[in-house]
Amino acid sequence: MDELKDELISVYVQESREQLDEMEDGLLRLEQDPDDADNINAIFRAAHTIKGGSGVIECGFIEQFTHRVENLLDALRNGEIAVSGPLATLLLECCDHMRSLMDVLVAQKSSPDDEVQVRGEELGNRLQIFIDSVRAATLPPVAASDAVEVESSGGGEVNTDSWHISVRFGQNVLRGGMEPLSFLRFLASLGEVVGIETVPDGIPAAAEMDPESCYLGFEIRLKTTASKIEIERVFDFVRDDCELRILPPHSKLDDYILLIQELPEDTMRLGEMLVRCGALTQSELERGLIAQQQATDATAEQEAAPSTPLGEILVGSKLVHKEVVDAAVARQTQVTDKKARDAQMVRVQADKLDQLIDLVGELVIAGASANLIALKSRHSELLEATSVLSRLVESIRDSALQLRMVQIGDTFTRFNRVVRDVSKELGKEIELSISGAETELDKSVVERIGDPLMHLVRNSLDHGIEPADVRLARGKPACGRVSLNAFHDSGSIVIQVSDDGGGLNREKIRAKAIERELIQPTDPLSDHEIINLIFEPGFSTADQVSKLSGRGVGMDVVRRNIQALRGTVDVASVEGQGSTFTIRLPLTLAIIDGFLVGIGRASYVIPLDSVVECIEHKNLAGERNFLNLRGEALPFIRLRDLFEIEGQAPARESIVVVQFGGQRAGIVVDQLMGEFQTVIKPLGRVFANLRGISGSTILGSGEVALVLDVAALVHIVTRAEEECWLMYRHVAPVSSAASIPPAILAGT
Amino acid sequence: MSSGQLLTLTEDLTIYNALELKSRLLEALASSDALELDLLQVADIDTAGVQLLLLLKKEAQRAGKRVAIVAHSQAVRSVIEFCNLAAELGDPLVIPATESV
């Protein structure tokens, strides 16, 4: 039983979290389009489903809170209250609170801690204020006489959390000196009487009526913490002379139907009374009675009933609340929908997937080895077989990696909320535009990119976008815009966070950097280098330290986090027009298509995605490391020099042209060895500071080859050229500048 | 038979007077098409009293007559409210101007 309940709870929590996500999405849309009735209904349904479910799993604190939220949503749905900023904010906060309540439920605590409790009450009060404002505005002033009618026509509200007490006093009670009303008053002192119905049906016609006999009965809804025994004790004095039936809170529909049928009064009439005092709803009553009728008919027809249908079990377990029934139905539909979706989806544990990827990695290495042997053997059939094999291995590798790919969209949409909240807080009007949400990347990367992205987005909101008046003065639209964009580019994924705000102030950054002694005043730095100084530790140019960012920690943390993912981050900015932060991450962390090159006796792997072309390189000795490639300057680097490999370069070297982040560079190698599938093995910690190497791999022959870090190499190459040129300019500013091909600068 | 007869009760609507009240009320109903009850001076009412009021209403309904309680004392009103009988009895519960709530 407990297991069943745990199972129920975990399903409930999971589904509720999904509902909360939908609710949040809906609320965010609500502000943009306050009249979208479908949307409001969807939000209401989400809250309703959560509440309904909480009733089924008997989680009082969630039910209670959600009920209050639902009340407000109901008013919203009925158009009694208008959508407003504060309202949406409050509802969003309620969403957050419901999330934390879910956490409490998951933690298997019986009630939330004080902090959460206090927060819940505070939100509850604010909800109440909204609801009260509705009531005050919509209820016309009524005369006392009308009020009675309102009261009496009410009773549609159902209170399942109350005891139901059904009492029929015996005729001799009054003669025995007892006063039934006193018992009821005493009963009321145990708690709160939510509803009471006097049943006068026992009064006979005038002629037979003895005024000293008691004919009355009462149906009472009592909200109390008292136990059944305490309630029974109230009627101790008349115990022998009254019919007392007590149904605990959340009794089953069947119990009520049974109660109705046991009591002497007319079934329909009594049923209506139960409806009026809030024990049942009309439809429940009807359904219950019909079901009862059918059951009677059915048993008459066939004695041995077949296995109990699910619905009855559900009813039998805990249903009386019509809304719960509704919610359950809605949930079932939802579950069916989900099942249909799940039929195309299998949930797999992440570590199983990792294991598969590992195995595929080994397979790739083993395949490469088999390939090599086949090549050496010159056995044509074997060659053919291995080539088919390696093609299959390639497909397996691709599909295995595909398994880990998820779209970045979910990560992006989370920022809708952030942008909304922060812009409210800052009093700015900012919209978020998202593109490339369908871009896929490795799950492990997605999980770890959230924090750095959050920081960049907040930074853009806080420092990037100017206040509305400044924007207008600068001739920009008052509403600022922050965009998130993602796309694939040569084997990496690029994520951009851009804003159309004030941009970075180059001079200010420079001054600050000099003040912090990050650079020397004489350092020749390009504009690009200067603005990228913001990623240095302890750097903040904000004049005012704000709550969100600008405390001088952050950008360096962002960079560190991204570097930990073997990625890079960099910023481009045009003053007055905005900034764009660009994050580049490797698409996968495990297996790549490599291009094998040789220098001396060692082999190196260049990720194939970044290789543009290979060109022959003859006698290009000279001081400057760039060449003219079809009219463009191409800086290059000699790996032999960089890695200080001994031996003489052969007469004919080759240049592999690689591209990274829009920059091209040449890598000079001795030998081109062709394509090669590579499983990247991380290097040990000893090599953590090695520049230009990102990992190692095992060749088919069993030898180890190093994987080149193209990003770092391109950086080294362009940096070296820039420094060289800037120094050159420093010495002879005018005369020689013209002789430098402008293309070198174009990429910087 | 006059219509719109007003009956003013001054004694308590309790078990002690129940026998006597039953006959008085039924007689009054018999002699009128529309009986009006003034309960403003009723200081106490108990289950027996409530029963009588219900009986009176029921009888009136059966005979196609009307019984209206035109004035309630504090005691009567609170019992009617407690038993949630305002709808059943169908009379507006007017709070007299003299009585401050």
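How much accessible surface does chain A have, and what share of it belongs to carbon and sulfur atoms? The accessible surface of chain A comes to about 38,700 Å², and carbon and sulfur atoms account for 52% of that area. The structure is a predicted model.

**The two chains**

Chain A has 748 residues, of which 43% are buried. Its secondary structure consists of 24 helices and 21 strands. When contacts between residues at least 6 apart in sequence are considered, 70% of those in chain A join residues at least 24 apart.

Chain B has 101 residues, and 51% of them are buried. It contains 4 helices and 3 strands, which follow the order β-α-β-α-β-α-α along the sequence. For chain B, 69% of the contacts between residues at least 6 apart join residues at least 24 apart.

**Aromatic pairs**

Over all chains, the structure holds 5 aromatic pairs. One of them joins A:F169 and A:F218, whose ring planes stand at 75°, so the pair is edge-to-face. A:F169 belongs to strand β1 (residues 163–169) of chain A and A:F218 to strand β3 (residues 217–223) of chain A, so the pair ties together parts 49 residues apart in sequence. A:F169 has 6% relative accessibility and therefore counts as buried. A:F218 also counts as buried, because its relative accessibility is 0%.

A:F535 and A:F581 form an aromatic pair that is edge-to-face as well. A:F535 is in the loop between α20 (527–531) and α21 (555–564) of chain A, while A:F581 is in strand β11 (residues 578–586) of chain A; the pair links parts of the chain 46 residues apart. A:F535 and A:F581 are both buried.

The geometry of these two pairs is set out below.

| Pair | Centre to centre | Angle between planes |
|---|---|---|
| A:F169 and A:F218 | 6.1 Å | 75° |
| A:F535 and A:F581 | 6.2 Å | 85° |

Which residues make up the aromatic cluster that includes A:F169? A:F169, A:F183, A:F218 and A:F235 form one such cluster.

**Charges over rings**

Arginine side chains also lie over aromatic rings. Within chain A, A:R77 lies over the face of A:F44, 3.7 Å from the ring centre. Another case involves both chains: the charged end of A:R185 sits over the ring of B:F82, at 5.5 Å from its centre.

Notes:
Residues are numbered from 1 along each chain as its sequence is written. Chains are lettered from A and ligands numbered from 1 in the order in which they are written. This is a predicted model: local features need pLDDT of at least 70, side-chain atom pairs count only at pLDDT 80 or more; totals for chains, interfaces and linings use all residues. Side-chain values use heavy atoms; hydrogens and water are left out. Helices (H or I, at least four residues) and strands (E, at least two) are DSSP runs, numbered from the N terminus. Buried means under 20% relative accessible area, exposed over 50%, partly exposed in between (1.4 Å probe, protein chains only). Contact means heavy atoms within 4.5 Å. Accessible areas come from the Shrake-Rupley method with a 1.4 Å probe; for residues, only the protein chains shown count as cover. Rings of Phe, Tyr and Trp (its six-membered ring) pair if their centres lie within 6.5 Å; planes under 30 degrees apart count as stacked, over 60 as edge-to-face and the rest as tilted. A charge sits over a ring if NZ of Lys or CZ of Arg is within 6 Å of the ring centre and within 35 degrees of the ring normal.
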